[in-house]
Amino acid sequence: MIGAILLAAATVLPVAADGPYGTWGAPTTVAEVNTAAHDGCPIESPNGKQLYIASTRAGGYGKNDIWVADRSKKSQPFGPMQNLGSAINSADQEFCPTPLGGGWLLFVSDRTACGATPGMTPPVGDIYITRQRQDGTWDAPQNLGCVADGSGPNFSGGEFGPSLRTIGGVTYLYFSSTGTSGNHDIYRSILNGDGRFETPQAVTELNTAAVDQMPNVSADGSEIVFASSRGGNMDIWTATFDGSTGLWSTPVPVSAVNTAEPETRPSFSGDGTRLYFGRGVTADIYVSTRD
């Protein structure tokens, strides 16, 4: 069942607009979605008409829930945040939402599964997939499977920031995890023809001895952004993919958005012109744009 779900989800992955792009501009707060609570993990739907976040705001089902706001056009502000409901959110922590298009949604939850442990700080969760039906309700989330029994990509440690992309006919799942070493690194797993993810492999050219986490790959697979403490502070870093070598370039900081405050969970818009991220200990959502 999970294999059919994953193969179906991979068929609706978006394609980015053609580059080249300009440089990132000074970020601004997405004021209409921020609260005094902890708001983070921002990411647009592929068509740019929804913004998903994780938030500890009042009115949820647990410690950290997934919420979504809608807008009619990409030039318009987002409307009020709506909780995704008890089909997705639990009494534990749900975070790192990743909409795929076609109603499909990846997210992370620390409900008990492949070594996930509810209530830990920072959270230790697994990657799940679900789909929204035409009537607005959600299918029961399915765990992507565990590394330990060969059924999927979830280690016994904590996973963050899933990013699913089909490039050159191959579907990759990028994410970060404490894996088996306890150090937070970026991993990549390939989706097999039977709908099962292979054992994840560390993306060594992106990783350091510091914390490297929450990757997001552009729709065309040419760019990646992630959060890293390699510079002494949690900042946003980026790299580009070299198709001739199959390797990512040496990461560089996205200087236009980084400050002395921590920046976390960056994500590209579907057309590649907007970069969302969280900032600050109390956490608000920001966006930077480029031409």
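**Exercise 1. The largest pocket**

How much space lies in the largest pocket? Find the volume, then the residues and strands that line the pocket.

Solution. Start with the kind of model: it is predicted, so local features need pLDDT of at least 70, side-chain atom pairs count only at pLDDT 80 or more, and totals for chains, interfaces and linings use all residues. Residues are numbered from 1 along each chain as its sequence is written, and side-chain values use heavy atoms, with hydrogens and water left out.

Step 1. On a 1 Å grid over the protein atoms alone, a pocket is an open set of points where a 1.4 Å probe fits, with protein on both sides within 12 Å along at least five of seven lines; lining residues have an atom within 4 Å of a point. Grid points are joined across faces, edges and corners, and the volume is the space filled by probe spheres set on the points.

Step 2. The largest pocket holds about 550 Å³ of space.

Step 3. Its lining is made up of 27 residues, and those nearest the centre are His38, Pro123, Phe160, Gln213 and Met214.

Step 4. Two or more lining residues come from each of β2, β14 (212-217), β19 (263-268) and β20 (274-279). Strands such as these are DSSP runs (E, at least two residues), numbered from the N terminus. The element that gives the most is β2, with 3 residues.

**Exercise 2. Strand pairing**

Step 1. Of the 6 residues of β8, 5 are buried (under 20% relative accessible area, with a 1.4 Å probe and protein chains only). The strand is therefore largely enclosed by the rest of the structure.

**Exercise 3. Cysteines**

Solution. Step 1. A disulfide is a pair of cysteine sulfur atoms within 2.5 Å. The structure holds 1 disulfide.

Step 1. The joined residues are cysteine 114 and cysteine 146, with 1.8 Å from S to S. The angle about the S-S bond is -75 degrees, and the link is left-handed.

Step 2. Cysteine 114 is in the loop between β7 (104-109) and β8 (126-131), and cysteine 146 is in the loop between β9 (142-143) and β10 (159-167), so the pair ties together parts 32 residues apart in sequence. Both cysteine 114 and cysteine 146 are buried.

Step 3. Cysteine 41 is in no disulfide. The sulfur of cysteine 96 lies 3.7 Å from that of cysteine 41, its closest cysteine sulfur, and this is too far for a bond. Both are buried: cysteine 41 has a relative accessible area of 9%, and cysteine 96 has 0% relative accessibility.

**Exercise 4. Aromatic rings**

How many aromatic pairs does a search of the whole structure find? Describe the pair of phenylalanine 155 and tyrosine 187.

Solution. Step 1. Rings of Phe, Tyr and Trp (its six-membered ring) pair if their centres lie within 6.5 Å; planes under 30 degrees apart count as stacked, over 60 as edge-to-face and the rest as tilted. The search finds 9 aromatic pairs.

Step 1. For phenylalanine 155 and tyrosine 187, the centres are 4.9 Å apart and the planes are at 55 degrees, which makes the pair tilted. Phenylalanine 155 is in the loop between β9 and β10, and tyrosine 187 is in strand β12 (residues 185-190), 32 residues apart.

Step 2. Phenylalanine 155 is buried at 8% relative accessibility, and tyrosine 187 is buried at 9%.

How values were computed:
Helix = DSSP H or I, 4+ residues; strand = E, 2+ residues; numbered from the N terminus. Buried < 20%, exposed > 50% of the residue type's maximum accessible area, 1.4 Å probe, protein only.
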